[in-house]
Amino acid sequence: MITPPTELAERVTKPAVVRPTRVGDTRGYRVFRVVNVAVLLVVVALTLYPFVNIVAQSFSDEQAIRTGGVNLLPQGFNVKTYEVIISDSAFWNSYLNTVVYTVTATLISLVLTTTYAYVLSKHHLKGRGTLVGIAVFTMFFNGGLIPNYVLISELGMKNTIWAVVLPNAISVFNLLVMKAFFEAMPKELEEAATVDGLNTYGVLFRIVLPLSKAVIATMVLFYAVANWNSWFSAFLYFDRADLFPVTVYLRNMVAGATTAASMGSDQGDVAQVNSNIKAVTMVLTVLPVLAIYPFIQRYFVSGVMLGAVKQ
């Protein structure tokens with residue numbers, strides 16, 4: 001059978017279709033993925049090991065801890081230290097104080113950081129450079145411990161919640177992250193809202209904030225963890241034990257300011273408490289953060305990367 005000239009010409013001139021090779025199909029990429037997973041598993045194991053060891057020590061017997069026999073599993077299961085701490089009413093009062101301080105400080109910090117960052121994101125604002133300079137200046141310089149103490153005392157904030165929630169209300173790092181996010185938002189959205197009759201506050205509350213859930217969740221996590229773990233401000237400005245947060249209470253437990261003996265325990269209980277008090281305090285402090293983190297983890301990765309890539 002003879003091929004017609006026109007069909008033969010089409011076969012000769014028609015370019016061959018070359019299917020592009022997907023990156024995921026290459027041998028090099030598969031090797032990279034295996035190595036990457038192996039390295040990350042090693043990193044996860046190295047990261048989890050100290051925490052698992054601390055948890056094991058918190059449930060271990062005094063003798064096993066002193067001889068260094070505790071590794072990943074508790075040795076001589078014992079909850080005496082947990083019983084001593086949890087049975088103390090001062091512990092629960094301190095825990096309640098910490099919840100109040102953390103929630104209040106986080107709300108104040110979130111409001112101030114969000115409004116400040118939104119203002120700094122407006123390039124047409126007069127004096128914007130000065131406001132940015134004031135914020136950045138505080139990253140490198142501060143008044144010092146004694147001037148801060150004198151200032152808090154003179155303002156009458158000693159032994160009040162304001163002494164721990166106001167002085168560090170704005171983190172400049174968090175402020176710059178939110179500023180970068182607001183600057184990356186499409187300007188057309190705000191212009192369209194303005195045309196529809198919204199003022200500045202309406203644009204912020206009805207357009208900008210609903211689109212900022214990721215960065216807001218990230219800021220909540222950053223501020224909440226920092227305020228939950230904070231103890232020095234309360235240690236410095238509080239003279240009354242009923243105002244102490246749980247971190248100061250547990251710090252006093254570790255330092256020996258409050259001992260099992262003062263709670264009516266015998267010498268065996270005192271030895272057990274002294275052997276794993278540090279491990280128990282660390283577990284009790286980190287538990288609330290571990291309980292909250294899974295609920296905002298999906299916002300965390302996207303939130304911390306906001307503003308990192310220019311389009």
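This report describes the pockets and cavities of a predicted model.

## Basis of the model

Local features require pLDDT of at least 70 and side-chain atom pairs count only at pLDDT 80 or more, while totals for chains, interfaces and linings use all residues. Residues are numbered from 1 along each chain as its sequence is written, and side-chain values use heavy atoms, with hydrogens and water left out.

## Largest pocket

The largest pocket holds about 780 Å³ of space. A pocket is an open set of points on a 1 Å grid over the protein atoms alone, with protein on both sides within 12 Å along at least five of seven lines; lining residues have an atom within 4 Å of a point. Points are joined across faces, edges and corners, and a volume is the space filled by probe spheres set on them.

Its lining has 32 residues, and Asn148, Leu166, Pro167, Asn168 and Ala169 lie nearest the centre. Elements giving two or more residues include helix H7 (145–154) and helix H9 (172–184); helices are DSSP runs of H or I with at least four residues, numbered from the N terminus. The lining has 21 nonpolar, 11 polar and no charged residues. Nonpolar means Ala, Val, Leu, Ile, Met, Phe, Trp, Tyr, Cys and Pro, charged means Asp, Glu, Lys and Arg, and the others, Gly among them, are polar.

## Largest cavity

In a cavity, a 1.4 Å probe fits but cannot get out. There are two cavities of 30 Å³ or more, and the largest has about 100 Å³ of space. Helix H5 gives the largest share of its lining, three residues. By class, this lining has seven nonpolar, five polar and no charged residues.
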